[in-house]
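Reader: I am new to this structure and would like a close look at a single part of it. Please take me through one hairpin and the strands beside it.

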Amino acid sequence: MVRFEHRIIDPETPWTHNSVCLIADIDGDGCNDVLIGAFKGEGNIVWYEYPDWKRHTIGTGTLEAGGIVLDINGNGRLDFVAGCLQGPDLYWFENSGDPEKEWTRRVICSDFFNYHNQAFGDIDGDGEREIVIPSQGRGKGNGNLFYYDIPADPTVSPWPAERRHFIWRGLVLEGVAVADVDGDGEMEVVAGSHWFKRRGEARGGAEKPGGPEAAGGAAAPFGWECRVVDESYRLLCVAVGDIDGDGRPEIVMSEGESHPARLAWFGNAPRFDQEHVLADDLFHPHSLALADFTGSGRLDIFVAEMGLTNHPGKPKLMIYENLGGGRFERHVISRGIPTHSAQVGDIGRTGRPSIVGKPWFPEHHVDLWLNLG
């Protein structure tokens, strides 16, 4: 099994409740940096510059878990999109291009509530990337799943309503990914324990509110079809990839807000009716990713436990090594260091995936598990 070395990026951030963790080349030097955002605090969104991990302030925001980085305005620099925790605002932060200068914060919309996770990809087939957002709302049945076409002038605030298109309404969803899950060459949206495929007028993108009455495979009035993988899985982290080598994608889920929690993968695309449970005793496994950690050419599964004050033992970081043919072997690479929304990426241009994470609460440090190969 691959070896990891634990290193500290920041031993103590100025804020608790660090909610966002991302790996990206923020300054365009060819090396990945780390972006961390917190729920509250002055200057609570920062990025750490590789290799010395100097901290630079992006700005402020009451951020929910999730977040994405992409070039919003087409100037070649990566910008940052994230939403409010228990608030109505969805933001994008324009990369200033100057490490010593804060980024400009703009509102994409303020029409919904509690934006947990974002993703992007060309989901309407127009050759351009869209931003996909679930908003969880204030209660059961009050969720929304929608996407935005990036406006020609993204500095307008909020973004025009005609650039927003509903996929589904009435489902409280957590965890989102964009992938071609049925092999038809078009991108679908996986959100929570469901996946969504565009139909008919959805290819034109008209905003037509709808509800859950068409779930279970029927096309809703606004042109998207909702298919259920397993509704017993709720408040998830999700990932998509061919993990059993059959040439078709599988959907991997961890119950990130639960204890005891399951980690499982679902095969037999596009029905995803073959459940394979890898664990059913995890504690809030709020970190999930697929990557080839061992260099075998197969996708392994990374999952990690949050910790929290009521953790019954020592939180674990784990790699489920892909042995081929749908077989996995679990390796615990760390015990006693809680993490939340950890990310996987190449740190230091090694060509190997490493892990960056941070606790949610009460600890507030930023950690790196460097893949030594």
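Author: In the hairpin of S3 and S4, where 6 residues lie between the strands, Gly-41 takes a positive phi near 130°; strands here are DSSP runs (E, at least two residues), numbered from the N terminus. The model is a predicted one, in which local features need pLDDT of at least 70, side-chain atom pairs count only at pLDDT 80 or more, and totals for chains, interfaces and linings use all residues. Residues are numbered from 1 along each chain as its sequence is written, and side-chain values use heavy atoms, with hydrogens and water left out.

S3 (residues 33–38) and strand S4 (residues 45–49) pair in the antiparallel sense over 4 bridges, where pairing requires that DSSP finds at least two bridges between two strands. Within this pairing, Ile-36 has Val-46 in S4 as its bridge partner. S2 also pairs with S3 in the antiparallel sense, over 6 bridges, and there the bridge partner of Ile-23 is Val-34 in S3.

S3 is mostly covered, since 6 of its 6 residues are buried, which is to say under 20% relative accessible area, with exposed meaning over 50% and partly exposed lying in between (1.4 Å probe, protein chains only). In a regular strand the side chains alternate between the two faces of the sheet. In S3 both faces are covered, with Asp-33, Leu-35 and Gly-37 buried on one side and Val-34, Ile-36 and Ala-38 buried on the other.
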